[in-house]
Amino acid sequence: MSTITEFVKRPSLGRIGRPIKVRANYFEVTAFPSSDIYHYDIVIMPEVPPALNRKIFQEAENSLFGSIKAVFDGHRNVYSARPFPFDGLHTSEVTLSDDINNVISSPSRAFKIRIKMVNKINMEEIIRFLNGRGSMSPNILTGIMALNVMIHNKPSKTHKKVGRIFYTNQGSRPISGGAEIWQGYFQSIRPTPMKLMINIDLHATTFYEGSSLVQMVVKVLGKRSVEDLRRIQNRERIKLEKCLKNLKIYITHRGENAARRRLRITKLTNTPASSTRFEVDGQQIDIATYFNRMLGRSLQYPFLPCIVVRRETYLPMEICNVVEGQRYLRKLNERQTADMIKFTCQSPKSRVNKINQGIEILNYRQNEYMQQFGFRVSNEMVITQARVLPAPTLQYHPNSRDSNFAPRDGSWNLRDKKVATGATLGSWACAVFGSERDYPIGAVQKFIRELVTTCQNTGMNIPNKN
């Protein structure tokens, strides 16, 4: 027999503090479907990543559903405000066009789609739950999940998506090492008393700069210009190959169709383009000479190594551009981390402005999928009642100057203050990572004396002072 836990009811909303009104990063859902939502299971074969799944689904939408705007989570779930024009299990085939297929290298261009209805989600139950007339149920959770898939559906087609976050290069900021910071927007539907809300928050991450590969190399190696790359040391070449491996590029010397093809860097040549040789019609020829003879152009930077793509296909760096929107997954160095902190550490007013920019970018008003679901969202942040609580009185050791006081504006000075109860540091040591020439024993002893004095002044007990 299951037991029911009785929770204590909240006695009141509290009255201490100065009442104020604040804005919260929540936007009210002003309308959402009250009729059933249709839940379908979809299987796409052969199995491919979610990004390609979405492209296959997009290609099949019109032929499968006609004017119905269904939403897809990229895996197995499709939701629709109206039933599809077929019963039971439906199968079809999709062939991706070359343009789509070149953007994401796929092992196959023909895909089979199998789709069948699995459930009808009762949206009336969500309305009863929000109004306090029902409890949480699997149906309600599935309904909220369906609405989350719906608000993510259109941005997934136009923005770089990672999990529930969409990134945009609007207002991106370049940092060292050939990377740049992109602004991201998180969105999630949350049930609250009497209404649904969309929570929108900020996120940031790093991407590779979408620029010329040569300029990327200059930045990765921390050089001032391409001329500084005339003599690349072996350790620099190893570092460069590690940074560029698996990076997607496109070529710029063969027109628009060739520029659509995405190629992945596998490695770098050990030799520059002027002495990297391969065989043509039984004769050895170097890359620089080949480009001069066959394409009628001299390489501007024959001293740079070539990149290798596919099976031993050599490309001079200067005819390659980096594909925009590739995540920078390497560990950030100190300088990059400092730049990231500057980008993300913002005043409340700046955060509000950026979140409002996110509402414009996500563009709920012009979303045809939301329109078909009868879903509308306010463009204004929610204003809610809040209270500024009185600052608590702080108490330090009685020997401190002003041992009892109430801080102002959330900060205070620790000068001449001892902690209320000081810990005892019984056993400790000081390790010096360096030579005695760089860190003389006198300097180390001075550091230890000052450390001990500072700790004792704050109320710690250190029996062993050496």
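## First stop: a loop with a positive phi

Select asparagine 363: it is partly exposed, with a relative accessible area of 33%. The terms here are set by a 1.4 Å probe on protein chains only: buried is under 20% relative accessible area, exposed is over 50%, and partly exposed is in between. Before moving on, note that this is a predicted model, in which local features need pLDDT of at least 70 and side-chain atom pairs count only at pLDDT 80 or more, while totals for chains, interfaces and linings use all residues. Residues are numbered from 1 along each chain as its sequence is written, and side-chain values use heavy atoms, with hydrogens and water left out.

Asparagine 363 lies in the loop between helix 10 (348-362) and helix 11 (368-373). Helices (H or I, at least four residues) and strands (E, at least two) are DSSP runs, numbered from the N terminus. Show the backbone torsions: asparagine 363 is not a glycine, yet its phi is positive, about 50 degrees. Most residues other than glycine have a negative phi, and most peptide bonds are trans.

Now select aspartate 402, in the loop between strand 19 (394-395) and strand 20 (404-405). Aspartate 402 also has a positive phi of about 50 degrees without being a glycine. Is aspartate 402 buried or exposed? With 51% relative accessibility, aspartate 402 counts as exposed.

For a peptide bond to look at, go to methionine 45 and proline 46: the bond from one to the other is cis, with omega near -5 degrees. Proline 46 sits in the loop between strand 2 (37-45) and helix 1.

Colour the strands of the open sheet with the order 7-8-9-10-1-18, six strands with antiparallel pairing. Two strands pair if DSSP finds at least two bridges between them. At the edges are strand 7 (160-162) and strand 18 (376-388); each has a single partner strand, so one side of each is left without a neighbour in the sheet. From one strand to the next, the twist averages 45 degrees. For angles, axes are lines fitted to C-alpha atoms, for helices over the stretch in contact, and values run from 0 to 180 degrees between N-to-C directions.

Zoom in on strand 1 (residues 18-31), which pairs with strand 18 in the antiparallel sense over ten bridges. One place to look is alanine 31, whose bridge partner in strand 18 is arginine 376.

Within strand 9 (residues 179-192), pick glutamine 183. Glutamine 183 is buried, at 4% relative accessible area. Beyond four places in sequence, the contacts (heavy atoms within 4.5 Å) of glutamine 183 include Phe166, Tyr167, Leu202, His203 and Phe343.

Select strand 11 (residues 248-251): three bridges join it to strand 17, and the two run antiparallel. Isoleucine 249 has valine 322 as its bridge partner in strand 17.

## Last stop: valine 217

Finish in helix 5 (residues 213-220), where you will find valine 217. Valine 217 is buried, with a relative accessible area of 0%. Not counting residues up to four places away in sequence, valine 217 touches Leu229, Leu240, Leu244 and Met317.
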